[in-house]
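Try each task before you read the solution below it.

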Amino acid sequence: MEKDINKTQEKTQDNKKQEGYLKIGGSGSFNFYWIYIIIAATLFGIYFMSSNELSREISYSDFQTMAKNGYFERMILNKKQGMVSAPLNSAPTEESFHAIKSAYEAAKSEGKTYVVQSSVPSADKFSEDVDKWRNEEDSKFNAEVRYETGSSGWELFFNFGTPFIFIFLLWFIFFRKMSGGPGGGIFNVGRSRAQVYEKDNRVNVTFADVAGLSEAKQEVQEIVEFLKNPQKYTHIGGKIPKGALLVGPPGTGKTLLAKAVAGEADVPFFSMSGSDFVEMFVGVGASRVRDLFRQAKEKAPCIIFIDEIDAVGRARGRAAMSGSNDERENTLNQLLTEMDGFGTNSGVIILAATNRAEILDKALLRAGRFDRQIHVDLPELNDRVEIFKVHLKPLKLADDMDVTRLARQTPGFSGADIANVCNEAALIAARNGKEVIDMHDFNSAVDRIIGGLEKKSKVMTKEEKHSIAVHEAGHATISWNLQYAAPLVKVTIVPRGRALGAAWYMPEERQITTKEQMLDELCSLLGGRAAEEIFLGHVSSGAANDLERVTKQVYAMVAYYGMSNKLPNICYYDSSGQEYGFTKPFSEETAKLIDQEINAIIAEQYARAKRILTEQSSGHSALTQKLEEREVIFTEDVQAIFGPRPWASRSEELLEANSETTTEDNPEANSETNVDTEK
């Protein structure tokens, strides 16, 4: 056991040395690159310190004059170069040396030495002149004279060698950095960039932290259990699945589920994103795939997780240019080969996640590669209760908090949406100076996230406010008097986000929707425009959002669901995601028939909405007046005007128990929300 620990520590230390790091005294990591930087800075400083002098070359006659006047303390003659150098010890007073005087004083103020240089006729001539200067009566020459045959080794080193050494160190550090680190640098560009999680750096997320997703957790738990105890399955002839694909909308917890697998698995876990395979260099993606599976096979049994696999797994041959080299397709081909190619790949399980499974290559989805497709859908009511419990743990809540009620108020919300609701409620409570978070804060958070921020300061004319009230009262009147319309919760004419008014409903979470339910929802959506035409005598742009949703819904009924009288039992929807390219799956005559059916259904429901509003004109008028007075009305206000609805439902029973709660629907959960925007 001790030998294994020692080997692990030696291996870890070797890896850190390779990356340029070493632990010293347990106080932190020391980077060897600092040594290179210190050496380079020292040489650079010595080079400039050795050049702490300014020089000027003058004629030999001027040099003789200055020497006779005693401006030099010493002179150095380089016989090989035929050059004499002499540092000035005082500023010359002659007018002809004015430039030298100014330069000398400037150098002295900077703490530098000013050196005068001159070419000599010959060494013998210079020696004769020196003797002459010493013997002349009016000469002030008393300088020390020294003769050199060439430059010293240190002088040559600092003058010529230091710049080259400095450049070499920069080059060495640059290429060392380029080739260092796992998967980093131009020389290791083909190496895998996957993060490896083992016993020493295991992820802290477990299956207990993943709320809901009971079926998906069961699937991945079985994979983890197979890796921990393979004999349980192999003794009866079972084989380990090679791959599992997590498919679902954004925010449903696919990556969180993979993190839980990493935290639960007692095997190495390789994690990377699909975009990590993509690189500007040709062949890099395929090289990284090979390197990833090579490392995985060395540590088998293990798990590989590829997040957003659609970055490299898109179907081949789409919009491919003739003669071009598609690097992404090369990466995908290598991935297909590694997952189930000629070679064996036992003990390596691949997990992947995507929210665009329809665009993945069919070869990637076949049995033997991704044997299982695990659908991570939007959470149902019970799942939302569990998710709320997880996100409410760190919050300070009021005593009357009802988690089930919160879950019922958020149909169609993903796990990420619920986390956002909890955080927004905490921010709203803190903004209002509260010590705990109550239901009102959560209601405001739901309104804020879905409808946007209230804009009470937006200026509207009296006519605009009346038009919006008529419109929203039309929605409320129609929905209250239709059996399958979603029960109303709140109506407001306060601008929120881009909407000038909105109606909130609490829909039932249906698994299937009938034609009658869709028609009632269409009629409710058209109630705003119908109210404008009947009670105002004109229509406005406020129904743009309603008309957009109506058109899409009716087109789906005719072209996808086969709910048309003239085109029954026909579906032109392409579930493979190809969308038929540039051609339509039907003829021009059928296209005209589709348009006619769409217009007929919309016209029928619009006439139905006008008929209901005409019958309920007094109630609509009272509702409009109350909206203009209070700007926000709730279920009990509508019930006081129209009376209780004759159609009891589970959602309405909930509303009666909590009539002051507010919620809004989600189109993906077969629910309705009216958000009217001026365009």
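**Exercise 1.** In this predicted model, find how strands β9 and β12 pair, and over how many bridges. Then place both strands in their sheet.

*Solution.* Start with the pair itself: β9 covers residues 243-247, β12 covers residues 348-354, and the two run in the parallel sense with five bridges between them. For a landmark, take Ala-244, whose bridge partner in β12 is Leu-351.

Next, widen the view. The open sheet has six strands, ordered β8-β10-β11-β12-β9-β13, and its pairing is mixed. β8 (195-197) and β13 (372-375) each have a single partner strand, so one side of each is left without a neighbour in the sheet. From one strand to the next, the twist averages 20°.

Finally, look for a helix on this sheet. Helix α9 (residues 254-264) lies across β9, β10 (269-273), β11 (302-307) and β12, and its direction makes an angle of about 165° with β11.

**Exercise 2.** Decide whether Val-267 is buried or exposed, and list what it touches.

*Solution.* First locate the residue: Val-267 sits in the loop between α9 and β10. Its relative accessible area is 11%, and the cut-off for a buried residue is under 20%, so Val-267 counts as buried.

Now collect the contacts. Leaving out residues up to four places away in sequence, Val-267 touches Tyr-197, Leu-227, Pro-301, Cys-302 and Ile-303. As for Pro-301, it is 34 residues from Val-267 along the chain, yet their C-alpha atoms are separated by 6.5 Å.

**Exercise 3.** Find which residues touch the most other members of the largest nonpolar core, and which elements give two or more residues to this core.

*Solution.* The core has 29 residues, and those touching the most other members are Ile-478, Leu-522, Val-554, Val-558 and Ile-594. The elements giving two or more residues are α18 (462-480), α19 (515-525), α20 (527-536), α21 (544-559) and α22 (588-615). Of these, α22 gives the most, with eight residues. A second, separate core has 26 residues, among them Val-224, Leu-227, Ala-258 and Ile-303.

Zoom in on Val-558. Beyond its neighbours within four places in sequence, Val-558 is in contact with Ser-564, Leu-567, Ile-570, Ile-594, Glu-597, Ile-598 and Ile-601.

Then turn to α20. Its buried residues are Gly-527, Gly-528, Arg-529, Ala-530, Ala-531 and Glu-532, and they pack against α18, α19, α21, α22 and α23. After α20 comes Gly-537, with a positive phi near 80°.

**Exercise 4.** Describe how α23 and α24 pack: the angle, the axis separation and the residues that meet.

*Solution.* Helix α23 (residues 617-630) and helix α24 (residues 635-642) pack at about 150°, their axes 9 Å apart, in a right-handed crossing. On the α23 side the contact uses Gly-619, His-620, Ala-622, Leu-623, Lys-626 and Arg-630; on the α24 side it uses Asp-637, Val-638, Ile-641 and Phe-642. Sorting the residues of this contact gives five nonpolar, two polar and three charged.

Definitions and conventions. Residues numbered from 1 in each chain as written. Predicted model: local features only at pLDDT ≥ 70, side-chain atom pairs only at ≥ 80, totals over all residues. Heavy atoms only, no water. Pairing = 2+ DSSP bridges. Helix = DSSP H or I, 4+ residues; strand = E, 2+ residues; numbered from the N terminus. Axes fitted to C-alpha atoms, helices over the stretch in contact; angles between N-to-C directions. Contact = heavy atoms within 4.5 Å. Core = buried A, V, L, I, M, F, W, Y, C linked by side-chain atoms within 4.5 Å. Buried < 20%, exposed > 50% of the residue type's maximum accessible area, 1.4 Å probe, protein only. Left-handed = near helix turned anticlockwise from the far one by under 90°. Nonpolar A, V, L, I, M, F, W, Y, C, P; charged D, E, K, R; others polar.
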